[in-house]
Amino acid sequence: MKNNTLSGLSRRRFLQAGGLLMAAGSLDLLFSKSVLAQAISQAMPLFKALRPAQEGILTAAHWGAFEALVESDRMVGVRPVQDDPAPNELIDMAPYQVHAHNRITSPMIRKSWLEQGPDSRNDLRGRDEWVQVSWDKAIRLVGDQIRHLQQTAGPSSIYAGSYGWKSTGMLHNSRALLSRLMNLAGGFLSYSGDYSTGAAQVIMSHVVGSMEVYEQQTSWPNVIEHSELVILWGCNPLTTLKNSWNVPDHVGLAGFEALAAKGTRVICIDPIRSPSARKLKAEWLAPAAYTDAAMILGLAHTLLTEKLHDEAFLQRYTVGFDKFRAYLLGESDGTVKSAEWASAICGIDAERLRELARTLVRQRTMIMAGWGIQRQHHGEQPHWLLVTLAAMTGQIGLPGGGFGFSYHYSSGGSPTARGGILSGISAGAAPANSPAPIPVARIADCLANPGKTIDFNGKQVTYPDVKMVYVAGGNPFHHHQDTNNLLKAWRRPETIVVHEPYWTATARHADIVLPCTTSYERNDLDMGGDYSQLYVFPMHQCVPPQHQSRSDFAIFSALAAHLGVEQAFTEGRDEMLWLKAMYDNMKVQARNAGIPLPPFDMFWQSGNYIRFPIPEENRQWVRFADYRADPLLNPLGTPSGKIEIFSQTVASMKYPDCAGLPGWQPPKEWHGSPLARKYPLSLNTAHSGHRLHSQLDNTPLRRKYAVADREAILINPQDAAIRGIKSGDLVRAFNDRGQILVGADVTEDIRPGVVRISEGAWYDPQDPSIPGTLCKNGNVNCLTFDIGSSRLAQGNCGHMALLEIEKFTGEAPANTAHLAQQPAARA
């Protein structure tokens, strides 16, 4: 039967391959490695899914798969794999990651904690001395503290959520390993949601019945063929597509290049003319910061009043448009949401708004929206309104039409391949007495206010009294808002443990620091293509573990042994046995899909990676096409089974900051608020093109983006002239929450009244003993505020704040963000 044919491999050739594999297995016992290698080389060409490395050692990172060039146990260079359509310069930083000058060289204990015990001089975190200890002592101290708190305070006393962009790899997944250990040890306090999409993922579950922000998109070949207009709303894909959660396939970057080559019309809506807008030669509309919801309402009002909306689509596929109609016309609140009304808020000319609305329905339009517009106060509203706007055009489910919220992330729209999927190590089952998770972005509020109760998506969450924080694979001092508020909250727990390769601010503010390897110092496996599932990459150990670092798996295995749960944690497997089990499970799936793969040992020794085939039908897949074809047989996951422009579920929660209908609510800080008289500039915290969040800030890539050795601030010439600032100047950016030192980049590529400081610069306080002290490296979260997006989602508001800037005068303080810490003594 056709489904049993092994990817075109004839029976004769398959038997031939099997014979070679059996011979190779025998040769492994009887002959030299050179003879074995010869047998493997003869067998490998029979497996069509395999792709050979050209030179070096195969491995991978969030920024791409590559071959490491190693000399005398030192990584000296890299080269991208042959299939990468858009190799990323960030891979060039791998040698600097391994051999960084600020690697943590041994287990370290904060001196006051070591000498006086937990909860000692917590105010000295970040400025206390460090004492070097042995691994045995470090494991004993951490394990004893876990056991003590489990016995005396229960699992809710240990926060081990450890949110963050941990290294790639399915086995050395530090977040999963930490959860696995803590579940076996008695449970822990975890989190729900994420910083990237906290508001959107919650509201989208009510509107379209899924998170949507992490769903596969209409495939790129279909978009390239059918989309006549692409709207980039609040996203910069040519920057953010450089990286992926697993290993990027970079197909999205090739997709945008194809749009440009075809001459597809692109409109970029963003206060900043991004690199994507320039590269795609996009039309640039620059609304005032944080006013996306009002702008969308102005477009929707035009569609409605000019009778350009698709009434038939709205009747069949949505619920609640009658209420939205009344809101647009001002029947429900007395305010007509006309283009003129929207223009007064967002600053885009009313006639330009009307023309844009007409264009949406005149052409096959794909709205590609980013996540920055929902990392704001009332951040649930823009994405809800964009779905509503797309529904009014009637193009959802059509080839090249509708909306997509992950085209800018991990190559959403990269066609899905057919093969096998790697399953990583499991976090295990939580014990019955485990506490309810807290919204991830409320961690500082939780640490500072035990016993406080907050609303969250129709429920209430009460914060426990957290006595221990365990971070592995995360960096809260660079992803959490209002750093100075976090500093105060960070003093409350008795013990803070951090796994890190480098002396980040989070490591510096810990009590116990355990040096972990980079992904290039251990063996692992990972998928390539978050949405396409196109590749399986072996991540071979390139160099020995540096200094005294250990892999996260080794660290947690040692802790499991100390806590008496080693067998349950390791299941009797070491690193390579775990990888073999993962591969073998994937290999069975691939065989069932008609893709033959060699045994694990042969695959691992061969220096090959796997590229699965893409079925032709997947190249033309259209999101929501099945729903459009038959909404009764293919209902959405909402209570009505339809797109819910009005959500009775949300309405029943009766939250004043998130009603059952999308709309405009002025945010806490924006150009129309009274605070703007004191702080007139609106902050944008977009991603840097030369790092991944805070990762790689300690590499030579800084030379490409740092100004005067600080994080850069983009300023419009009008704003700069008023303040006597020119490019290259040192600038103090400040508000009531904090102050940072940044370097001026004066450019017309940003709207007047808006400044941009990319997130991810390592926190570097001038005087750690003084609250609100100047951050010398430009960590933007010293300026952002820490409140929930609304009571519904409790997402973070990291993309917004009001501030003022001034030219820095006096002697510039040295930037010490990336220095190594030296131990005061050995114990």
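Modeller: A residue is called buried when its relative accessible area is under 20%, exposed when that area is over 50%, and partly exposed in between. The model is a predicted one. With that cut-off, six of the eight residues of helix α15, residues 339-346, are buried, so this helix is largely enclosed by the rest of the structure. The buried residues are Ala339, Trp341, Ala342, Ser343, Ile345 and Cys346. They pack against two other helices, α12 (292-305) and α16 (350-362). After α15 comes Gly347, which has a positive phi, near 85 degrees.

Most residues other than glycine have a negative phi. Glu212 has a positive phi, near 70 degrees, although it is not a glycine. Glu212 belongs to the loop between α7 and α8, and its relative accessible area of 0% makes it buried. Asn457 is likewise a residue other than glycine with a positive phi, in this case near 50 degrees. Its place is the loop between β16 (453-456) and β17 (459-462). With a relative accessible area of 27%, Asn457 is partly exposed.

A pair of aromatic rings is described by the distance of the centres and the angle of the planes. For Tyr214 and Trp371 the centres are 5.4 Å apart and the planes stand at 80 degrees; the arrangement is therefore edge-to-face, the term for angles over 60 degrees. Trp371 is buried, at a relative accessible area of 6%, while Tyr214 is partly exposed, at 28%. Both rings belong to one aromatic cluster, which also contains Tyr409 and Tyr531.

The charged end of Lys323 sits over the ring of Phe646, at 4.8 Å from the ring centre. Lys668 lies over the face of Phe785, and there the distance to the ring centre is 5.7 Å.

Helix α6 (residues 174-185) and helix α22 (residues 552-562) have axes 10 Å apart and pack at an angle of about 5 degrees. Angles under 35 degrees count as roughly parallel, and α6 and α22 are therefore roughly parallel to each other. On the α6 side the contact is made by Ser174, Leu177, Leu178 and Leu181; on the α22 side it is made by Asp552, Phe553, Phe556, Leu559 and Ala560. The residues of this contact divide into seven nonpolar, one polar and one charged.

Gln548 is found in the loop between β22 (535-539) and α22. This residue is partly exposed, at 34% relative accessibility. Beyond its neighbours within four places in sequence, Gln548 is in contact with Thr105, Ser106, Pro107, Gln132, Trp135 and Pro515. Gln548 and Pro613, 65 residues apart in sequence, are 42 Å apart in space, C-alpha to C-alpha.

Gly117 provides another pairing of sequence separation with distance. The C-alpha atoms of Gly117 and Glu494 are separated by 8.9 Å, and the two residues are 377 residues apart along the chain. Gly117 lies in the loop between α4 (111-116) and β6 (130-132), and its 17% relative accessibility counts as buried.

To return to the helix of the request, α15 is largely enclosed by the rest of the structure, and its buried residues pack against α12 and α16.

How values were computed
Residues numbered from 1 in each chain as written. Predicted model: local features only at pLDDT ≥ 70, side-chain atom pairs only at ≥ 80, totals over all residues. Heavy atoms only, no water. Axes fitted to C-alpha atoms, helices over the stretch in contact; angles between N-to-C directions. Helix = DSSP H or I, 4+ residues; strand = E, 2+ residues; numbered from the N terminus. Parallel < 35°, antiparallel > 145°, perpendicular 65-115°, else oblique. Contact = heavy atoms within 4.5 Å. Nonpolar A, V, L, I, M, F, W, Y, C, P; charged D, E, K, R; others polar. Phe/Tyr/Trp six-rings, centres within 6.5 Å; stacked < 30°, edge-to-face > 60°. Buried < 20%, exposed > 50% of the residue type's maximum accessible area, 1.4 Å probe, protein only. Lys NZ or Arg CZ within 6 Å of the ring centre and 35° of its normal.
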